[in-house]
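Good morning, and thank you for coming. I would ask you to look at the structure on the screen before I describe some parts of it.

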Amino acid sequence: MTKIQKNFVRRLGLTAAIFSAVLAAGATFWIAQTNDVAAKDGDPVDPALIARGEYIARLGDCVACHSAEGGATMAGGRKLETPFGNVWSTNITPDAKTGLGAWSFAAFDRAMRTGVSADGHNLYPAMPYPSYAKMTEPDMQALWAYLQHGLAPVDQANRPAEMRFPFSLRFGLSLWNAVFLDASPFKPDPAQNAVWNRGAYLVEGLGHCGACHTPRGVAFQEKAMSEAGPNGQLYLAGARVEHWNALNLRGLWTVPDTVAMLKTGQNRFATAAGGMTDVILHSTQHFTDEDLTAIATYLKALPSDRPAVAPPVASHEPPANTFTTRGGLGYTQFCNDCHRADGAGVKGVFPPLAGNPTVTATDPSTLVHIALTGWKTAATTTHPRVWTMPAFARLSDQEIADIVSFVRESWGQGVGPVSAAYVAAARRALGPTIDNSPFETPRLADLLAQPNAEQLVRGMRLNTETRTLLPNHVGDDLNCTSCHLNAGTVADGSPYVGVSAFFPSYAPRAGRVITLEDRINGCFLRSMNGKPLPVDGDDMKAMVAYFDWMKGATKPEDKVAGRGVGKVDTSLKPDPVHGKEIYAKQCAVCHGADGEGLKDNAGRLVYPPLWGARSFNIGAGMARTYTAAAFVKRNMPIGTHDKFPLGQGGALTDQEAIDVADYFSHMDRPDFAGKVKDWPKDPKPKDARY
């Protein structure tokens with residue numbers, strides 16, 4: 001190549017490759033079945049051909065790119081933002097004026113294989129034609145048949161690209177094509193079996209997986225388009241795409257594990273994140289089992305120098321430095337309720353951290369991206385319920401760095417820490433959509449700076465690990481944090497912030513002064529159906545010290561935001577039949593179909609039972625319908641929206657919360673001998689169980 005040609009590649013042809021890297025971040029799959037069916041222009045179209053083309057288009061994720069949010073299917077208009085300007089996806093419905101209706105199959109085939117539109121202008125390779133060039137003729141015919149005859153035409157004009165100079169010039173793309181485009185169709189490898197070859201065809205061609213997962217060269221071209229050739233070892237070896245780390249796919253998991261991820265959005269190692277959730281939502285979950293197995297077989301067969309990935313085995317114990325480092329205490333406060341102290345996550349709900357490739361990756365970009373912007377699961381047929389991790393950008397760069405570094409140190413298999421400067425750079429790069437407003441609540445990490453740090457950490461742990469640390473004082477399967485979320489630091493979840501400022505105080509119903517120690521022991525007797533702590537013992541002193549620390553400068557007359565559990569409209573009458581339906585839909589996944597709670601594979605409790613012998617007794621506050629309803633409305637379920645820090649509550653109306661609370665609070669549960677002394681003065685609450 002001459003010096004002039006090289007300059008053109010770098011200056012103008014660079015445009016195409018840049019867009020291939022930036023705009024193809026979704027890395028969606030186009031799937032087809034190879035056979036001998038083909039349709040020619042003007043011939044009657046076989047309905048089976050259209051159906052086959054629909055399979056290709058749906059599984060190829062055409063809808064995701066060519067449909068604007070709330071817009072007509074395949075009519076284009078989806079905005080794609082890049083550092084070089086904006087482009088909008090095009091209308092590919094059969095409308096003759098604005099879509100593909102006036103195109104011929106030959107023009108369509110040329111665009112798909114060489115990136116040249118019907119009118120002769122070069123397409124930006126946001127549409128990855130270097131991969132589509134490998135499509136077979138029958139697959140191309142089937143896709144064309146569907147686009148022409150399986151969609152309703154939509155008259156919607158295409159929006160022109162708004163690219164800055166020189167990226168607005170398209171003629172350089174011709175030279176880029178001359179240098180980097182190989183339009184040869186896929187050729188099966190006779191040394192491999194049919195399953196491997198099918199997988200190679202789907203991954204290298206229709207799936208265009210390399211658009212995200214293969215590193216880029218000097219002109220931002222994919223360094224390899226397949227396993228063959230001098231750079232074949234770089235194919236699917238992982239790359240940075242739009243602040244995400246697209247994983248190294250070479251030999252990543254077993255065939256069943258990869259099939260599970262592509263079909264359900266999760267497996268025993270991880271849950272999909274970033275653009276991959278859209279790929280699974282619109283594309284891979286719909287693949288035939290045969291195609292999924294073929295893809296997984298091909299990926300597993302790619303040579304890799306990575307060590308074999310062992311199944312994640314939870315230690316059932318928190319890492320040794322959990323309670324002695326700022327990162328560990330930050331994890332305890334903000335991550336523990338979902339990912340658990342041992343990093344095991346919650347099967348089918350929240351992903352594990354142990355063995356998770358996002359955690360073990362040398363490049364921490366995806367982990368930091370998720371921490372700053374949040375995450376949600378893909379809605380699949382197997383797992384239709386979407387779970388959300390809110391964005392943690394309201395924490396400081398240093399806090400996020402501490403927590404991410406703790407996670408990587410604990411479960412990252414030797415990967416290094418992350419600096420606050422790295423987090424700050426990621427925050428700037430991700431733009432102004434991030435909520436950077438400060439989150440005001442006491443930080444557990446600050447316990448370490450206190451003169452009585454050891455006592456305070458003990459007090460905090462007595463709240464989060466009550467059953468484990470005080471087995472003689474807990475008679476059921478609850479911990480304090482079963483109700484007091486995030487170690488008592490979350491508004492509406494009965495936070496401890498300011499609690500000790502209100503004690504001792506006179507309790508009208510009890511007819512006496514209640515001390516903080518009395519209140520704590522009341523929970524041990526009622527909520528945890530156990531025995532009181534000695535008032536002058538070290539454990540009671542540690543719990544009181546923890547509450548006093550969290551009080552800070554709060555005075556009794558101060559209004560503490562989110563104190564208590566909130567309120568619901570007590571004039572509403574409960575409908576327990578409807579409550580049972582809500583429970584089955586919203587609550588059973590974590591608390592069990594029969595209220596028995598959720599346990600891990602080792603039989604250890606994850607989330608507590610809501611009724612039965614191991615649940616709270618009838619003297620507990622949660623045994624009262626309206627108290628339970630207020631808590632449920634504001635705090636349950638967690639992980640349902642992007643409200644920081646737990647995405648809790650907001651899913652139910654007052655009526656729905658009252659209905660489901662009435663259903664579970666009136667179930668059989670342990671009795672409470674001390675109930676006879678509960679109402680010596682004021683009338684008992686109308687929703688009391690006794």
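**A walk through selected residues and helices**

Glutamine 266 counts as buried, at 12% relative accessibility; buried means under 20% relative accessible area, exposed means over 50%, and partly exposed lies in between, with a 1.4 Å probe and protein chains only. Before I go further, this is a predicted model, in which local features need pLDDT of at least 70 and side-chain atom pairs count only at pLDDT 80 or more, while totals for chains, interfaces and linings use all residues. Residues are numbered from 1 along each chain as its sequence is written, and side-chain values use heavy atoms, with hydrogens and water left out.

Where does glutamine 266 lie? Glutamine 266 is in the loop between α10 and α11 (275-282). Helices here are DSSP runs of H or I with at least four residues, strands are E runs of at least two, and both are numbered from the N terminus. Not counting residues up to four places away in sequence, glutamine 266 touches Ala260, Met261, Thr271, Gly348, Val349 and His383; a contact means heavy atoms within 4.5 Å.

Threonine 254 is found in the loop between β5 (244-246) and α10 (255-264). With a relative accessible area of 32%, threonine 254 is partly exposed. The side chain of threonine 254 makes a polar contact with the side chain of aspartate 257, at 2.8 Å. A polar contact is a pair of N or O atoms within 3.5 Å; within protein, one must be able to donate a hydrogen and the other to accept it, and residues adjacent in sequence count only if both atoms are side-chain atoms. Leaving aside residues up to four places away in sequence, threonine 254 touches Arg268 and Lys300.

Let me turn to a strand. Both faces of β2 (residues 85-88) are covered, with Gly85 and Val87 buried on one side and Asn86 and Trp88 buried on the other. In a regular strand the side chains alternate between the two faces of the sheet. Strand β2 runs antiparallel to β3 (residues 162-163), and 2 bridges join them; two strands pair if DSSP finds at least two bridges between them. Asparagine 86 has glutamate 162 in β3 as its bridge partner.

Next come the helices. The 15 residues of α17 should span 21 Å at 1.5 Å a residue, and the end C-alpha atoms of α17 are 21 Å apart, which agrees; the expected span is 1.5 Å times one less than the number of residues. The buried residues of α17 include Ile400, Ile403, Val404, Phe406 and Trp411. What covers the buried residues of α17 includes α13, α15 (357-360), α16 (365-373) and α18.

How do α17 (residues 397-411) and α18 (residues 420-430) pack, and at what angle? The angle is about 115 degrees, with the axes 8 Å apart. Axes are lines fitted to C-alpha atoms, for helices over the stretch in contact, and angles run from 0 to 180 degrees between N-to-C directions. Here Asp397, Gln398, Ile400 and Ala401 in α17 meet Ala420, Val423, Ala424 and Arg427 in α18. After α17 comes glutamine 413, whose phi is positive, near 55 degrees.

Finally, helix α19 (residues 453-464) has 12 residues and reaches 17 Å from its first C-alpha to its last, close to the 16 Å expected. Among the buried residues of α19 are Leu456, Val457, Met460 and Leu462. Their cover includes α13 (326-334), α20 (466-469), α21 (485-488) and α23 (538-551).
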